[in-house]
Structures are given as C-alpha cells and as structure tokens.
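Trainee: I would like to learn how to read a model like this one, feature by feature. Where do we start?

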Amino acid sequence: MSKIITAVVLAAGKGTRMKSATPKVLHAIAGRPMIHYPVRAALEAGAERVVVVVGHGRDRVESYLRQTFAERVKIVIQEEQRGTGHAVLMALPALGVPSGARVLVLSGDTPLLRGDDLRALLTAAEGDARSMLAMLTTSIPDATGYGRILRENGHVVAIREHKDCSEAQKKIREFNPAVYAIDHAFLAAELPKLTPNNAAGELYLTDLVTTAALFGGVVDRVADASSLEGINDRAQLAELDRRMLLAIARQHQLAGVTIREPASVEIHDGVTLGQDAVIERNVVLRGRTTIGEHAVVDVGCVLTDVAVAAYAHLKPYSIGTDAKIGEKAQIGPFSHLRPASDVGEDAHVGNFVELKKTRLGKGSKANHLAYLGDGEVGEGVNVGAGTIFCNYDGFKKHVTILEDGAFIGSDSQLVAPIRVGKGAYVATGTTLTRDVPAGALAISRTKQENKEGYAERLKTRLKAGSSMAGSKAGDSGKSGT
Ligand code: UD1
Ligand code: CA
C-alpha cells in the first residue's frame with residue numbers, strides 16, 4: 001500500500017548570488033516565478049499538502065503562492081536562514097501527517113523538476129522498506145557549487161558540500177540535486193539532532209543522508225541532469241529559462257503546431273495552441289494566451305493574455321494585451337490591441353490602428369491609422385483612415401457607439417459620448433459632436449471656395465516676401481529658409 005505523501009519546498013534563502021531586490025524564487029522562468037514549478041511538481045506527484053518555507057521577501061512570495069495555489073499550499077516562516085536542515089525542521093509541525101508518511105523535500109530554485117521525476121523517486125522509495133531516505137542524483141561535467149555524492153561500494157554514504165570538499169572530491173561529477181523522499185518519523189527524530197559542523201556553520205539537511213546510510217541505506221535514483229539543475233545566479237536563470245522555453249516549444253511542435261524557429265520564440269508556460277497554428281519568428285506569447293487552430297501569428301507579434309480564435313491571422317509586429325480576436329479576423333501589421341479589445345469574426349484591424357476597450361463586430365473594418373477607445377462597433381461597419389474616437393475629456397472616458405453598417409469617412413473625429421445609427425454615413429473630415437440617426441448623412445465641413453487663377457498670383461507674392469526675408473537673414477549672417 002502506498003504511503004501518504006506530503007511535500008516541503010524550501011524557499012526562504014536570500015539568493016545572494018542573484019544580486020537582486022526580488023527574492024530569488026520569484027524570478028521568472030517561462031513566464032512564472034520559479035517557485036511555481038516545484039510546488040506544481042509536488043502536487044502532480046500526488047502530494048496531499050505542500051508546505052513552502054519562506055523567509056527572505058516572504059510577503060511577496062507568500063502572496064504569490066496564496067493567489068496561485070490557495071489552500072493547496074501551506075506557508076511556514078523561517079525567521080533566520082540557518083540552513084536547509086533548519087528550514088525543514090520549521091516545516092515539520094505544518095505537515096500534520098500520521099507517522100509512516102513520506103515527505104518529499106524540494107528546493108524552490110530547481111524549476112525544471114517534473115512531476116515524473118518525483119513519481120520515479122517515490123516508486124524507488126517504495127521498493128525498499130528499510131530505507132528511510134530516497135534521493136535523486138545526477139551528473140554533469142562540472143558540478144562546481146553543488147553538494148557532491150560520496151559513494152562506498154556503490155552505495156551513497158554522504159553528501160559533501162562544495163565548500164567542504166577536498167580537491168579530489170571537487171572532481172566528482174555526481175551531485176545532489178536536493179530532491180528527496182524521506183520517512184516522516186525519521187525526519188522528526190533526526191532533524192533536531194543536526195549540528196552546524198561545516199564551513200558555512202549551517203544545519204545541513206544533507207547530513208541526514210549520512211544517518212540514513214547507517215540506518216537502512218539510502219535509495220538513490222539516477223535521473224536526467226537536464227531537469228535537475230538549480231538556479232543561483234542570473235546566468236543560470238537565463239540558461240534554464242531558455243531550456244524550458246525550448247521544451248515548451250517542442251511539446252507544441254509535437255502536438256501539431258508549426259513553430260518556424262523555436263530558438264527565437266518565447267511561448268510561456270500555460271499558453272495553449274491549437275493544431276496547425278503557425279508561429280513565426282520572434283513571437284512572444286505570454287500569460288493566458290490561447291491560439292486557435294490554423295491561426296497564424298506572424299513575425300514579431302507580442303501577445304499577453306490574448307484569446308485568438310481559429311483561422312485568425314495576426315500580421316507582423318502586432319501587439320495585444322488582454323484582448324479577444326475572433327475567427328478569421330485579420331490584425332496588423334503594426335496593430336495595437338489594448339486591454340478589453342474584442343475583435344469580432346472576420347473583422348479587420350490594420351496598420352497603426354489602436355483599440356482600447358472596444359468591441360468590433362463581425363466583418364467590421366478599421367484598416368488604417370485610427371484610435372478606437374471605449375467603442376461599441378456593430379457588424380459590417382467601415383471605419384476610415386485617420387478616425388479618432390475622442391473618448392477622454394481630461395476627466396472621464398466616454399463611449400462611442402457605431403451601429404451595424406455605419407460608414408465613417410476618413411479623418412473623422414467622433415466626440416464621445418456619441419452614437420451613429422444603423423447604416424448612417426459620416427462624411428470624410430467630419431467632427432461629430434451630435435448623434436447621427438439611422439440612415440442619415442452627417443457632414444461638418446467649412447464650404448470649399450475656389451479662386452480662379454489665384455495660384456500664380458499667390459506664388460509671386462510669396463516668392464517676393466521670401467527673398468526679402470532671405471536678404472535680411474543673410475545680413476545677420478544666418479541662412480534663410
Ligand atoms: C543545496 C544542497 C546541495 C545541493 C544543492 C542543489 C544543502 C546543505 N546543500 O545547496 O547539496 O547540491 O542545494 O541545488 O542542503 N533555504 C532555506 N532556508 C535556509 C537555507 C536554504 O529555505 O536556511 C532554501 C533556499 O531558499 C533554496 C534551497 O533551500 O531554495 C537551497 O538552498 P541554497 O542555499 O541554494 O543551497 P545550495 O548551496 O544550492
Ligand atoms: Ca541552490
């Protein structure tokens with residue numbers, strides 16, 4: 001029968017080597033604070049409770065965890081960071097489990113760790129009833145900084161921290177990724193006995209490996225290093241971020257998405273992509289973005305929390321935040337969809353068009369150079385080049401309503417609040433300050449006057465004026481224009 005599983009994630013450390021005002025575990029990997037991933041891995045592996053030990057920057061870490069995992073995570077505070085052993089000791093009371101449970105212990109700075117790695121570890125632990133401690137181990141060519149695995153007759157007997165290693169031990173490539181499954185009763189009995197007899201003067205959790213080796217032996221499971229490296233500085237942060245992004249891109253590729261150049265795109269954890277979607281170079285997809293089947297996201301687009309429906313086409317360099325794009329809609333190049341924009345089915349938003357809190361109905365078009373803020377645009381509406389929804393009077397935002405089939409001529413200003421009725425026609429260059437009834441024509445222009453033959457006379461006069469000004473400028477030593 002399998003044991004109850006709980007988990008402790010250590011995240012109280014300062015992360016000195018990050019040289020940052022932000023706690024290390026909140027630095028982002030693939031769009032989420034790195035602490036997200038070990039917590040998620042523990043939950044995926046079946047942990048009934050995850051206790052996260054926080055300390056440095058604890059308010060921010062705690063608020064992220066509560067917001068994201070709510071009741072599934074318990075927070076414990078380690079006031080003073082006295083080492084990994086001390087951190088787990090602080091977590092023990094919060095575990096609240098019957099004896100016989102198995103405790104997964106993980107670090108908050110190992111974001112590539114997967115639920116599968118943990119399940120494999122738990123299975124290995126199950127296989128040896130006498131052993132009190134099971135751990136993952138792995139090897140890399142240069143394990144500088146990590147605790148090294150010391151073996152005797154093939155069995156793990158101790159972990160030696162880098163700073164406590166002899167020169168010969170520093171050459172050992174097998175290191176401790178700090179992923180353990182430990183018997184709860186053993187933890188409770190042994191943690192209080194730890195002493196700080198090491199170079200750092202800390203209580204090392206790793207000393208329990210020595211104790212467990214003497215008891216019933218240590219179960220070790222060799223795992224793939226690619227998911228077990230930790231982050232201590234910003235170079236490692238960038239490296240693991242890239243590695244995770246490539247893994248995410250690959251998953252999407254294998255699920256039927258065309259990603260032209262995976263090394264150039266950034267598709268964050270949590271983004272979903274439909275089959276046959278096409279992601280071109282230098283695209284960034286963040287947050288809760290979803291891309292529908294057969295949609296095309298062309299070069300250089302940056303989308304944050306955008307829902308793109310099937311067959312939509314985002315042309316190059318379009319930017320969207322918290323927006324919706326309907327089926328077969330066309331966006332860009334160079335469109336800007338700001339929060340609460342909702343582009344309907346088959347609608348078009350063209351170059352240098354900015355939308356904010358505006359709904360564009362089915363088949364409506366705003367193809368060139370426009371600002372549509374706080375708008376409700378019906379179906380089949382044509383918004384001409386250079387149209388501005390004048391939504392802001394310096395104090396309040398006002399709404400512009402364009403009913404189905406309305407036509408807005410180029411270079412019109414619509415001073416909100418305002419409504420243009422069904423099928424109405426607003427002539428080019430109109431400044432609209434009153435509602436337009438359905439089917440009406442609105443035009444506000446000063447009447448044009450043509451003065452026959454006046455062009456030549458005007459030019460002659462202007463020329464004379466400018467040569468006088470030029471000679472004056474010459475006198476004072478400046479160049480005339
Ligand atoms: C630790 C291991 C080392 C292993 C490495 C893997 C020990 C003594 N060493 O070293 O064998 O190779 O991880 O990445 O365990 N933390 C606390 N409270 C503390 C100290 C640390 O919560 O008082 C947390 C940190 O926030 C971090 C984790 O524990 O998330 C590991 O601490 P860190 O200082 O990074 O340990 P390493 O030196 O990397
Ligand atoms: Ca570390």
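**Reading the ligand site and the backbone**

Mentor: Start with the ligand shell: strand E1 (5-11) and helix H3 (84-95) each supply at least two residues of the shell around ligand 1. Helices (H or I, at least four residues) and strands (E, at least two) are DSSP runs, numbered from the N terminus. This is a predicted model, in which local features need pLDDT of at least 70 and side-chain atom pairs count only at pLDDT 80 or more, while totals for chains, interfaces and linings use all residues. Residues are numbered from 1 along each chain as its sequence is written, chains are lettered from A and ligands numbered from 1 in the order in which they are written, and side-chain values use heavy atoms, with hydrogens and water left out.

Trainee: Which residues come nearest to ligand 1?

Mentor: A residue is near a molecule if one of its heavy atoms lies within 4 Å of it. Around ligand 1 there are 23 residues, and Gly-13, Gln-78, Thr-84, Glu-161 and Asn-176 come nearest. By class, the shell holds 8 nonpolar, 11 polar and 4 charged residues. Here Ala, Val, Leu, Ile, Met, Phe, Trp, Tyr, Cys and Pro count as nonpolar, Asp, Glu, Lys and Arg as charged, and the others, Gly among them, as polar.

Trainee: Which polar backbone atoms lie close enough to an oxygen atom of ligand 1 to count?

Mentor: A polar contact is a pair of N or O atoms within 3.5 Å. A polar backbone atom of Asn-176 is 2.5 Å from an oxygen atom of ligand 1, and one of Ala-12 is 2.9 Å from an oxygen atom of the ligand. Thr-84 uses its side chain instead, with a polar atom 2.7 Å from a ligand oxygen. Taken alone, ligand 1 exposes 750 Å², and the protein buries 90% of that; such areas come from the Shrake-Rupley method with a 1.4 Å probe.

Trainee: How is burial read for a residue, and how many residues of helix H1 are buried?

Mentor: Buried means under 20% relative accessible area, exposed over 50%, and partly exposed in between (1.4 Å probe, protein chains only). Helix H1 (residues 36-44) is mostly covered, with 7 of its 9 residues buried. They are His-36, Tyr-37, Pro-38, Val-39, Ala-41, Ala-42 and Leu-43. After H1 comes Gly-46, with a positive phi near 100°.

Trainee: Is Phe-389 buried or exposed?

Mentor: Phe-389, in strand E33 (residues 388-390), is buried, with a relative accessible area of 1%. Its C-alpha atom is 8.3 Å from that of Ala-370, 19 residues apart along the chain.

Trainee: What should I look for in the backbone angles?

Mentor: Most residues other than glycine have a negative phi, and most peptide bonds are trans. Tyr-311 is not a glycine, yet its phi is positive, about 65°. This residue is in the loop between strand E21 (307-308) and strand E22 (313-314), and is partly exposed at 47% relative accessible area. Asp-346 also has a positive phi, about 60°; it lies in the loop between strand E27 (341-343) and strand E28 (348-356) and is partly exposed at 38%.

Trainee: Where are the cis peptide bonds?

Mentor: One joins Gly-332 and Pro-333, with omega about 0°; Pro-333 is in the loop between strand E25 (330-331) and strand E26 (336-337). Another joins Ala-416 and Pro-417, with omega about 5°, and Pro-417 is in the loop between strand E36 (413-415) and strand E37 (418-420).

Note on methods: A polar contact is a pair of N or O atoms within 3.5 Å; within protein, one must be able to donate a hydrogen and the other to accept it, and residues adjacent in sequence count only if both atoms are side-chain atoms.
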